[in-house]
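Good morning, and thank you for coming. Please look at the sequence and the model as I speak.

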Amino acid sequence: MGVTSPLRRIGVFGGAFDPPHNMHVALAQSALQQLQLDALYVFPTGHAWHKSRTLSPSVHRLAMAQLAFADIAGVRVDPREILRDGPTYTIDTLHELRAEHAQAQLFLLMGEDQARRLPTWHGWEEIVQTAIISVASRADPTSASSPFMPEFLPPERFQALHLPPLALSATDIRNRAATSQGIAHLVPEGVARYIDQHHLYRIDR
């Protein structure tokens with residue numbers, strides 16, 4: 001009798017990455033280790049139907065994501081959502097990955113804010129059946145708030161991820177860049193250099 005190979009474990013991490021910052025990198029590293037992933041796919045968003053603001057051009061967001069995750073073994077920055085016509089729906093990406101990796105267990109990474117809004121996502125119930133929802137929370141021992149426990153998710157479809165207590169916001173980073181404040185301590189070195197070289201987020205560009 002042959003030995004059954006264990007299921008490959010594949011992480012799925014989508015976002016605008018406008019810009020990618022140190023918390024994104026910390027999440028990727030934590031997921032690879034805590035979920036024992038064989039691979040982590042990073043998907044910069046294409047047409048973000050759920051965002052009220054216009055994203056930076058996809059060519060820049062893709063380039064910054066490639067720079068941000070370049071040194072993390074096991075991470076692949078995938079451009080398919082940017083190349084896809086029409087709105088970007090996570091369920092479509094999961095379907096494509098399932099077709100490509102039929103014997104893999106998929107883990108969909110997200111923050112607590114995204115997880116709370118998950119029931120508003122297109123095809124969210126199918127998302128839950130297709131991937132385990134891996135929710136990242138900051139390990140802040142001084143916080144009085146309770147850990148995020150989603151009542152709408154079956155326990156077997158939920159996995160908590162623990163992150164260092166970093167408080168970073170892409171909105172704040174864009175605002176700092178717009179007013180020529182330093183961001184080198186908030187984003188990977190290559191991303192900071194790219195933002196400066198291409199004058200991204202500058203009000204006077």
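Predicted model: local features only at pLDDT ≥ 70, side-chain atom pairs only at ≥ 80, totals over all residues.

Which residues in H2 meet which residues in H8? Val 59, His 60, Ala 63, Met 64, Leu 67 and Ala 68 in H2 meet Gly 190, Val 191, Tyr 194 and Ile 195 in H8, where contact means heavy atoms within 4.5 Å. By class, this contact has 8 nonpolar, 2 polar and no charged residues. Here Ala, Val, Leu, Ile, Met, Phe, Trp, Tyr, Cys and Pro count as nonpolar, Asp, Glu, Lys and Arg as charged, and the others, Gly among them, as polar.

Residues are numbered from 1 along each chain as its sequence is written, and side-chain values use heavy atoms, with hydrogens and water left out.

Helices (H or I, at least four residues) and strands (E, at least two) are DSSP runs, numbered from the N terminus. The axes of helix H2 (residues 58-68) and H8 come within 7 Å and cross at roughly 150°; axes are lines fitted to C-alpha atoms, for helices over the stretch in contact, and angles run from 0 to 180 degrees between N-to-C directions. H2 and H8 are therefore roughly antiparallel, a term for angles over 145 degrees.

Let us turn to the backbone. Most residues other than glycine have a negative phi, and most peptide bonds are trans. Gln 36, not a glycine, has a positive phi of about 50°, and lies in the loop between H1 and strand S2 (39-44). The peptide bond from Asp 18 to Pro 19 is cis, with omega near 5°. Pro 19 belongs to the loop between strand S1 (8-15) and helix H1 (22-34).

Note on methods:
Parallel < 35°, antiparallel > 145°, perpendicular 65-115°, else oblique.
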